[in-house]
Amino acid sequence: MAVSERAIGNALAWPTPLACLYSLAMETGIGIRDCWHEDSSIAAIVDDGKVIALSCRLADDGLRADVLAMAL
């Protein structure tokens, strides 16, 4: 079973979609960081598929989950 299938299969065990996506990222070796950036139009920075830096300006966990899903 692939990592993504396992994470999706366990999605109901996670309290929020953001927690599920963080778990998926960690299982695949991708680090998640907060990013302080001057440009408010940047939601995330992806570095060689090894690190995803999410903007600290994202308003709530739902929006952070949406951006993280797109980055993954």
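Colleague: In this predicted model, is arginine 64 buried or exposed?
Modeller: The relative accessible area of arginine 64 is 11%, and a residue counts as buried when that value is under 20%. Because 11% falls under that cut-off, arginine 64 is classed as buried.

Colleague: Which helix holds arginine 64, and which residues does arginine 64 touch, not counting residues up to four places away in sequence?
Modeller: Arginine 64 is found in helix 3, which covers residues 61-71. With residues up to four places away in sequence not counted, the residues that arginine 64 touches are Leu18, Tyr22, Asp34, Leu54, Ser55, Cys56 and Leu58.

Colleague: Which residues line the largest cavity, and how do the residues of that lining divide into nonpolar, polar and charged?
Modeller: The structure holds 1 cavity of 30 Å³ or more, and about 30 Å³ of space lies in the largest cavity. Its lining is made up of Cys35, Trp36, His37, Asp39, Ile42, Ser55, Cys56 and Arg57. By residue class, this lining divides into 4 nonpolar, 2 polar and 2 charged.

Colleague: Where is aspartate 48 found, and is aspartate 48 buried or exposed?
Modeller: Aspartate 48 is found in the loop between strand 2 (44-47) and strand 3 (51-55). The relative accessibility of aspartate 48 is 70%, and the cut-off for an exposed residue is over 50%. Aspartate 48 therefore counts as exposed.

Colleague: What separation is found between the C-alpha atoms of aspartate 48 and isoleucine 30?
Modeller: Aspartate 48 and isoleucine 30 are 18 residues apart along the chain. In the model, the separation of their C-alpha atoms is 9.7 Å.

How values were computed. Residues numbered from 1 in each chain as written. Predicted model: local features only at pLDDT ≥ 70, side-chain atom pairs only at ≥ 80, totals over all residues. Heavy atoms only, no water. Helix = DSSP H or I, 4+ residues; strand = E, 2+ residues; numbered from the N terminus. Buried < 20%, exposed > 50% of the residue type's maximum accessible area, 1.4 Å probe, protein only. Contact = heavy atoms within 4.5 Å. 1 Å grid on protein atoms, 1.4 Å probe; cavity = no way out; pocket = protein on both sides within 12 Å on 5 of 7 lines; lining within 4 Å. Points joined across faces, edges and corners; volume = space filled by probe spheres on them. Nonpolar A, V, L, I, M, F, W, Y, C, P; charged D, E, K, R; others polar.
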